[in-house]
Amino acid sequence: MKKITTIVSLLLIANLWASQPRKVLIIGIDGVRTDALQQANTPNLDALIASGFYTYESWHQGITVSGPSWSTIMTGVDYNKHGVTSNSYSGSNYNTYPYFTKRAKDCLPDLYQVQIVQWAPMSDNVYNDAWDQKIKVCDGCGANSVSAAQTQLQNPNLDVLFVYFDECDLTGHSTGFSPLNPAYINAIQTVDGHVGSIINSLQSRPNFVAEDWIILITTDHGGIGTGHGGNTNTERKIWWIGSGNNPVSNQFTNVVDPGSLAIGNFNPALAEGNPSQDDIAVTALDHLFRGTQCDPFNPAWNLDGQSWLDSLHVENPLGISENIMKDATIKIYPNPTSDFLTVWFENPLNTEVYPTIYDQLGNQVLDIKFISVNQNKMNIDISKLAKGSYYLNMNIDNETVTRTFVVE
Ligand SMILES: [Zn+2]
């Protein structure tokens, strides 16, 4: 009985969290070298870094050109899947690997999503992206991007906003991508001011305290001389920042370079656990989908990135911490399902595995006496369960991982 009381009180807390609408702001700053960012005076980015996730060592795993890079950032997959290898966007495969905004809209049709960019190809050459508005301002017109963003941020129904700045890249191409180039540093500082204006407008939303925003800021590539597109460290070493209630609070340093698909030496094992460009879309989906019946890690999507949300603020009625870092180690499918649920998991220590299934009220509905040693997959017969949403808890090596699934 005590256990049930605990479950009910956790359920109440979970409902409080669930009442906060989850929203995403992504700010893209084209062509900012990591070392130049660290050199520049950027109080607004620093304020976000102070409380959030950040890395100055996110090694580029693909082609250091804008089209392929932004496609990876927004789809969560590398260029061998989304197909964009140049700024012409020819070969794009957005029907199979769309922007995360399409995944989000498919599951949450009421989302209102807006993109504001300066660089036309990013607007004109991308399809199947599910933006409700695609706003294009002139090249290098950061102030116009800011005012367009401020207008959008006044809309209480706004859920996803992507704002893109290209003045750092333009300055790099004209005068040099270098921390020693005052014009380039100045461009970074100017965009930092734009970021500050946008964050101020965000925090001035009438309902801001009742909303749960994640802010993700990144660049697409670095540069060398007056160009980029190659595989030098100054082109490949990039950065990103995550801020909000849920991102892992940490700086990631001494990140091992996993190599690059563009060089031909990419090593997925080395990339595991690294913060990388393809994590932005996955982290955004995880944030939007928490507390819903949507699965941000749908295996059918074949995403390359991982989520950097921490294990706090998890909404499940059992209050069991969902260890997001284990995302790669358990997958369930099909979902929704009607008769069997297949669970695939990693069990490196070959310990006993205990799966349990709970309904939305926290009642255990199936107790599967299953002991797995040297096994990675099991089929659970759920044909006797009524239609609805359920929680699967997998206890593996004394850690519990929770997944939501739907019986239809
Ligand atoms: Zn670029």
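S243 is buried, with a relative accessible area of 7%. Buried here means under 20% relative accessible area, exposed over 50%, and partly exposed in between, with a 1.4 Å probe and protein chains only. The model is predicted, so local features need pLDDT of at least 70 and side-chain atom pairs count only at pLDDT 80 or more, while totals for chains, interfaces and linings use all residues. Residues are numbered from 1 along each chain as its sequence is written, and side-chain values use heavy atoms, with hydrogens and water left out.

S243 belongs to strand β7. Helices (H or I, at least four residues) and strands (E, at least two) are DSSP runs, numbered from the N terminus. Neighbours within four places in sequence aside, S243 is in contact with L48, S51, W213, I214 and I215. Contact means heavy atoms within 4.5 Å.

The sheet is open and has eight strands. Their order is β4-β3-β5-β1-β6-β7-β2-β8, and the pairing is mixed. Two strands pair if DSSP finds at least two bridges between them. The edges are held by β4 (133-136) and β8 (250-252). Each has a single partner strand, so one side of each is left without a neighbour in the sheet. On average, neighbouring strands are turned by 10° against each other, direction ignored. Axes are lines fitted to C-alpha atoms, for helices over the stretch in contact, and angles run from 0 to 180 degrees between N-to-C directions.

Strand β7 (residues 237-244) is joined by five bridges to β2 (residues 53-59), and the two run antiparallel. In this pair, F53 stands opposite G242. β7 also pairs with β6 in the antiparallel sense, over five bridges. Here T218 faces W240 of β7. By contrast, β1 and β6 run parallel and are joined by seven bridges. I26 stands opposite L216 in β6.

Seven of the seven residues of β6 are buried, so this strand is largely enclosed by the rest of the structure. Both of its faces are covered. D212, I214, L216 and T218 are buried on one side, and W213, I215 and I217 on the other.

Helix α10 (residues 182-203) lies across β1 (22-29), β5 (160-165) and β6 (212-218). Its direction is at about 165° to β1. Two packed helices are described by the angle between their axes and the distance between the axes. The axes of α9 (residues 167-175) and α10 come within 9 Å and cross at roughly 175°. That makes α9 roughly antiparallel to α10. Angles under 35 degrees count as roughly parallel, over 145 as roughly antiparallel, 65 to 115 as roughly perpendicular and the rest as oblique. E167, C168, T171, G172 and T175 of α9 meet A183, Y184, A187, I188, V191 and H194 of α10. By class, this contact has six nonpolar, four polar and one charged residues. Ala, Val, Leu, Ile, Met, Phe, Trp, Tyr, Cys and Pro count as nonpolar, Asp, Glu, Lys and Arg as charged, and the others, Gly among them, as polar.

D30 lies in the loop between β1 and α2 (34-39), and D220 in the loop between β6 and α11 (233-236), so the pair ties together parts that are 190 residues apart in sequence. D30 is buried, with a relative accessible area of 1%. D220 is buried as well, at 0%.
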